[in-house]
Amino acid sequence: MVHALDEIHRVLVTGGNLVDLRPLLDRWPIEVSSNGENREVGRATDLPEPLNDDGAANQAMVLAEQRGWFVRERQDVFPFFYYWDTPREMQEYIDETWNDVIQVEDGLWSSLRSSWATANADARVRIRLKMMITSLHKQNLF
Amino acid sequence: MTVQTDPERTESKYLQRYADFTGKRVLEIGCGDGRLTWQYATSAGRVTGIDLHGDDLRVATIDRPSDLEQQVLFARADSIHLPFHKESFDIAILAWSF
C-alpha cells in the first residue's frame, strides 16, 4: 500500500490532490426501509482479514504523511446504502460478493425476513456502509 | 438479483465537495466498471481509469458515453507500478481500492 502511495506521489503534480474514498468495516447495520422509515434489524459481523486490511490502509496513509509525501486536508465519514427488494436478493448478493468481507448470522436473516414480511408492501431491505473520504495534497519534497 | 447502490447520491456529493474536477487530469485507481467515474467525468479535462479486473474494465468501456470517448480512457494496470510519466495528473482518486 505504501508503494502505491509512493507511485501516486510520483504521478501527481506538486499541490495535486489525492482523494481516498473507501468503505470501513464497522458492523454495518442491516435495515428494513418502508414508507420513508428505516428500522435496524441487526448488524453484520466483520471478518478479521478485511478488518486488518482497513487498519493497514490507515497506517499506510499515516506513513505517507510522515514521509512528507502528502498533507491531509480534510476527512469525513458518510453512509452509503445498498438496497434490495427482498431479503433473499440481499442474501444472494452478500453470499456472492461479500462472503470474504462480512458474515450475517442465520438468526439475523430470519429476523430480517420476518420484519420485511410484516412491513408495508413497498418495504425494501438495505445495508448501511460506513464510507470514509479523505483529501490530501502532494507536498514538494525538493 | 437487483441491487441499487446509493440512490441518495451521497458519495457523488462528497466527491464533488472534496475535489474540483473542472478541466483537471484525473487518475482513478480501482475504477471498476466506471460507476464512480461517470459521476465526475463530464466536468474533468481528461480521466484515466485503471483497474486489475478486465471484466469490469470491459463494462466501463461499453458504458462509456460516445461524447466521452476522447476524454475518458480505461486501462488494466496495477497501482504499485503506474504506467505514467512523473506529474501526469492533477487529481488521483483511490476508489474503494485499499
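Visitor: What share of the 142 residues of chain A counts as buried?
Guide: The model is predicted: local features need pLDDT of at least 70 and side-chain atom pairs count only at pLDDT 80 or more, while totals for chains, interfaces and linings use all residues. Residues are numbered from 1 along each chain as its sequence is written, and chains are lettered from A and ligands numbered from 1 in the order in which they are written. A residue is buried if 20 or more other C-beta atoms, placed from the backbone, lie within 10 Å of its own, exposed if 12 or fewer do, and partly exposed in between. For chain A, the buried share of the 142 residues is 32%.

Visitor: Over how many bridges does β5(A) pair with β7(A)?
Guide: Two strands pair if DSSP finds at least two bridges between them. β7(A) pairs in the antiparallel sense with β1(A) over 8 bridges, and with β2(A), residues 29-34, over 4. In β7(A), A:Ile127 is the bridge partner of A:Ile30 and also stands opposite A:Tyr82. β5(A) and β7(A) run antiparallel, and the number of bridges that join them is 14.

Visitor: Is A:Val41 buried, exposed or partly exposed?
Guide: A:Val41 belongs to strand β3(A), residues 37-43. Two residues are in contact if their C-beta atoms, placed from the backbone, lie within 7 Å; leaving aside residues up to four places away in sequence, A:Val41 touches A:Ile30, A:Glu31, A:Val32, A:Leu108, A:Ser111, A:Leu112 and A:Ser115. A:Glu31 is 10 residues from A:Val41 in sequence and 5.4 Å from it in space, C-alpha to C-alpha. Because 19 other C-beta atoms lie within 10 Å, A:Val41 is partly exposed.

Visitor: Which element gives the largest share of the side of chain A that touches chain B?
Guide: Here 33 residues of chain A are in contact with 31 residues of chain B. On the chain A side, α1 (2-11), β1 (12-24), β5 (70-84), α3 (87-97) and β7 (124-138) each give two or more residues. By class, this side has 21 nonpolar residues (Ala, Val, Leu, Ile, Met, Phe, Trp, Tyr, Cys and Pro), 8 charged (Asp, Glu, Lys and Arg) and 4 polar (the others, Gly among them). The largest share, 10 residues, comes from β1(A).

Visitor: Which residue of β5(B) stands opposite A:Asn17?
Guide: β1(A) pairs in the parallel sense with β5(B), residues 89-95, over 6 bridges. In β5(B), the residue opposite A:Asn17 is B:Ile91.

Visitor: Is A:Ala4 buried or exposed?
Guide: A:Ala4 is part of helix α1(A). Apart from residues up to four places away in sequence, A:Ala4 touches B:Ser79 and B:Ile80. Because A:Ala4 has 20 C-beta neighbours inside 10 Å, A:Ala4 counts as buried.

Visitor: What handedness has the β-α-β unit made by β3(B), α2(B) and β4(B)?
Guide: β3(B), residues 46-51, and β4(B), residues 72-76, pair in the parallel sense over 5 bridges. A crossover is right-handed if, with the strands pointing away from the viewer, the path from the first strand over the helix to the second runs clockwise. With helix α2(B), residues 54-63, the two strands make a β-α-β unit that is right-handed.

Visitor: What is the phi of A:Asn35?
Guide: A:Asn35 lies in the loop between β2 and β3 of chain A. A:Asn35 is exposed, because 10 other C-beta atoms lie within 10 Å. Its phi is positive, in a residue other than glycine, and is near 55 degrees.
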